[in-house]
Amino acid sequence: MNERKPEESLKIENIVASAKVTDSLDLPSLASQLKDAEYNKKRFPGVVIRMQDPKIAALVFGSGKVVLTGAKNIDSLSRGLQILGDQLRALGIDIPPPEELTYKVQNIVTSADLGTPINLNKIAVGFNLDKIEYEPEQFPGLVYRLDDPKVVVLLFGSGKLIITGGRVPDDARRAVQRILSELTSLGLI
């Protein structure tokens with residue numbers, strides 16, 4: 001195992017959050033007035049606004065709901081929502097003031113590295129069978145569903161992990177600690 005602790009290898013890959021900015025939006029009008037807006041109703045039912053700083057995408061729907069995706073940290077969600085709110089207000093759309101615009105994190109995807117290869121076959125036998133899926137012919141990773149924190153962890157033979165379903169960044173750290181504890185207690189790491 002390398003000297004770096006697996007918890008130190010945690011890296012947020014994507015945060016998805018949702019928000020409600022208004023009661024309804026005219027998407028064709030919005031797309032025609034906003035720079036960097038894409039709208040193709042046949043391909044996707046919302047307007048896609050790609051921001052460069054922070055580097056995130058806002059998926060804006062006619063219902064007034066917004067999905068922010070691509071964020072690498074929580075701060076960029078707030079900045080992205082504020083930028084979107086400012087753009088919509090500039091078009092004369094009634095949007096709550098910045099301090100009232102709130103979002104809810106739906107999913108945080110995080111990667112981690114155990115620092116050593118792992119034997120997925122032995123793990124599949126050792127772990128709680130009703131919490132795992134492992135079909136190497138279908139997918140090269142073992143899918144492990146945790147209840148606390150409520151996340152799904154994909155374990156790969158290389159020792160790399162993907163943690164998805166977290167609502168706060170700490171969920172991934174807790175998941176890695178739990179996986180490490182279980183692998184250690186089974187003598188698999």
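Accessible areas here come from the Shrake-Rupley method with a 1.4 Å probe. With that in hand, I looked up the surface of this predicted model: the protein chain exposes about 10400 Å², and carbon and sulfur atoms supply 51% of it. I also checked burial, and 40% of the 189 residues count as buried.

Next, the fold. I found four helices and 10 strands in the protein chain. Reading from the N terminus, I noted the order β-α-β-β-β-β-α-β-α-β-β-β-β-α. The chain is more spread out than a compact globule, because its radius of gyration is 20 Å, well over the 16 Å that the globule rule gives for 189 residues. My check of the C-alpha trace gave a span of about 60 × 35 × 25 Å along the principal axes.

Then contacts and charges. Among contacts with a separation of 6 or more, 60% come from residues 24 or more positions apart. I placed the mean positions of the 24 positive and 24 negative charges 3 Å apart.

Last, the rings. My search of the whole structure turned up three aromatic pairs. One of them joins Phe127 and Tyr144, with centres 4.6 Å apart and planes at 40 degrees, so I logged the pair as tilted. Phe127 sits in the loop between α3 and β7 and Tyr144 in strand β8, so the pair ties together parts 17 residues apart in sequence. Are these two buried or exposed? Phe127 is buried at 4% relative accessible area, and Tyr144 is buried at 3%.

Phe139 and Phe156 make an edge-to-face pair, 5.8 Å centre to centre with 65 degrees between the planes. Phe139 lies in the loop between β7 and β8, and Phe156 in strand β9. I noted Phe139 as partly exposed, at 34%.

Conventions. Residues numbered from 1 in each chain as written. Predicted model: local features only at pLDDT ≥ 70, side-chain atom pairs only at ≥ 80, totals over all residues. Heavy atoms only, no water. Helix = DSSP H or I, 4+ residues; strand = E, 2+ residues; numbered from the N terminus. Rg over C-alpha atoms; globule rule 2.2 N^0.38 Å. Buried < 20%, exposed > 50% of the residue type's maximum accessible area, 1.4 Å probe, protein only. Contact = heavy atoms within 4.5 Å. Lys, Arg positive; Asp, Glu negative; His and termini not counted. Charge placed at Lys NZ, Arg CZ, Asp CG, Glu CD. Phe/Tyr/Trp six-rings, centres within 6.5 Å; stacked < 30°, edge-to-face > 60°.
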